Amino acid sequence: MEDFLEKSMSRLRRASERAAERTAKMHTFDHVDTRETLEELVGRKLKGRKLILVSNREPYAHVYQGEDVTWFRSAGGLTIALDSMAAACQAVWICHGGGNADFTVTDPQGRVAVPPDRPRYTLKRLRLSREEEQGYYEGFSNETLWPLCHVTYTRPRFSFKDWQTYQAVNDKFAKAVLEEADEGSIVFLQDYHLSLVASMLKKERPDLTTVLFWHIPWPNPEIFRIFPWKTELLDGLLSNDILGFHLRYHAENFMETVGLELECQADWDRMLIRRQQRSSRVRAYPISIDFKGIFEQAESSSVVRACQDLRRQFRLTGRKVGLGVDRLDYTKGIPERLDALDRLFERYPEHRGQFTFVQVGTPSRTHLEDYKQVVSTVEQRCDEVNEKYGQDGWQPVVFLKGHQNFDTLIPFYKLADLCLVSSLHDGMNLVAKEFVAASSNDRGVLILSPFTGAARELEQALLVNPYDTEAFAESIHQALSMPAEDQKVRLERMRHTVAENNIYTWAQAILNDVVRLAEDSQINPAPAA
Ligand code: GDG
């Protein structure tokens, strides 16, 4: 009886120590930027100035479920941060309405109040025809600009018809902004789909302050020079008051490109381009994730339970687990990752039966041939590795093709002993940061391609060239053999880096700069009418 009591007491003591540790760990990040700090800053800084956000993708979509209309929110830290910005100042967010019930809930101008369950700002949806989507989104954005900006040896397609459609759709976005803009509004444009919007806006309304954030790499001038419409594209981008990139390196590539291609004055000290009475600041704002949200969710008991369920479901109990989470895109280096796993099992047979790799892969841009090809290559390589090494009760690679709910991804991140991010080229890569935030039990190794923006910040990851199959396999072996203390120290360092520079810090940095510019008409005088 005494023995039983003692054991129970000691179990209770251990549980309460663990709870105290968890609470202390949570408090370590009390000071970091959150949704609340961003909302407070937006309210204070904008002082009544109207904010207009513009992106291709919509933050909320309405779709039919049978006869009923339902809605869902686009996942992802960026949407969450922009959503808080928009909500804090009753902004207008302009985007392509892609949901099949999107226009059943809008007014004749395409406007609807969102979030649908607790309206705080206005979403203005643009209707695009199938031809417009094909030319502007699939064609020009994803078959021309995307491969041009990523070094993966995929040849960009240069179609004059797509270029014309891209211009027309950018014009459509610009017109929608003009319908909403007040005197001195701030316009925050997202990404390579909208390169020309600012030039169209500034012709009509030089009083607007515009900032564009480019989410993908900017190539070096040697690569960019083949682009047939380079002057028009650069002109469009330089109509922005601020241009943001993830890395200083991409910002410098842009400065060099402009210096070589256009008649302009490049001020490298201030990272400023002057051209035709206008100036554009070129800045690096490394994007990040909702660190605290992910970290706290990963600590919750429901995630702990979900990890146990996943272990049972995929026969992972007692085994080490590797993880990949990607859009199925040729830039993400997924076949290269599978080659490295193949080599690992060949060279280190001791990992057979002991280590399972789970690849979560969301199909993306599925109308395009290059993307169909990635899916079939990944499927084929998974089958080959499984046939070559699989044994009774053990499948080396589990490929989960399809879109997962973001809440489902967190237990995968948490249970993984290692995460493979093997992009051939990537502006930032948020998966690497999500893994760091969610592996909150101090176990887990990040293997990271040096060709990601994230590699500049996450110095404690194991960096490996995804094209070098031997070195890649060796890194996986190293990760599987890494002492626990080493894993813990590396993770802690990376966790602090991501906590300090999270998605809200990113949004605040851009907002601070753009508001300062909008207030200072001396720095960027409007051209004479
Ligand atoms: C561009 C740049 C830059 C993935 N599968 C599912 C899912 N995901 C989420 C991940 C992560 C995001 O998608 C992917 O992040 P990446 O950074 O790889 O982004 P890209 O889509 O390539 O986007 C990139 C980024 O913009 C931001 O500036 O980092 O360099 O290429 O958040 O968790 N989410 C859900 N289900 C999935 O199945 N819900």
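User: Where in the chain is D191 found, in terms of strands and helices?

Analyst: D191 is found in the loop between β7 (186–190) and α6 (197–204). Those labels are DSSP runs numbered from the N terminus: helices are H or I with at least four residues, strands are E with at least two. Before we go on, this is a predicted model, so local features need pLDDT of at least 70 and side-chain atom pairs count only at pLDDT 80 or more, while totals for chains, interfaces and linings use all residues. Residues are numbered from 1 along each chain as its sequence is written, and side-chain values use heavy atoms, with hydrogens and water left out.

User: What joins V114 and P115?

Analyst: A cis peptide bond, with omega about -10°. P115 lies in the loop between β5 (111–114) and β6 (121–126).

User: Why is R120 with E39 called a salt bridge?

Analyst: The term asks for a side-chain nitrogen of Lys or Arg within 4 Å of a carboxyl oxygen of Asp or Glu. The closest N and O atoms of R120 and E39 are 3.6 Å apart, so the pair qualifies. R120 lies in the loop between β5 and β6 and E39 in helix α2 (residues 35–46), so the pair ties together parts that are 81 residues apart in sequence. The structure holds 46 salt bridges.

User: What makes β2 and β3 a strand pair?

Analyst: Two strands pair if DSSP finds at least two bridges between them. Six bridges join β2 (residues 60–65) to β3 (residues 68–73), so they pass; they run antiparallel. In β3, V69 is the bridge partner of Y64. Two residues sit between the strands of this hairpin, where G66 takes a positive phi near 65°.

User: How do you know that β16 and β17 pair too?

Analyst: By that rule again: four bridges join β16 (residues 418–421) to β17 (residues 445–448), and these strands run parallel. L420, for one, has I447 as its bridge partner in β17. Both belong to an open sheet of six strands, ordered β15-β14-β13-β16-β17-β18, with parallel pairing.

User: Why are β15 and β18 called edge strands?

Analyst: β15 (397–401) and β18 (462–463) each pair on one side only.

User: How do you know that domain 1 and domain 2 touch?

Analyst: The bounds come from an automatic or database domain assignment: domain 1 is 19–127 + 176–288 + 504–519 and domain 2 is 293–500. Contact means heavy atoms within 4.5 Å, and 20 residues of domain 1 are in contact with 21 residues of domain 2. The C-alpha centres of the two domains lie 30 Å apart.

User: What do domain 1 and domain 2 bury between them?

Analyst: Buried area is the accessible area (1.4 Å probe) that two parts lose on being put together, summed over both. Here that comes to about 1,700 Å², 63% of it on carbon and sulfur atoms. The elements giving two or more residues to the side of domain 1 that touches domain 2 are α1 (2–28) and α9 (248–261); α1 gives the most, with four residues.
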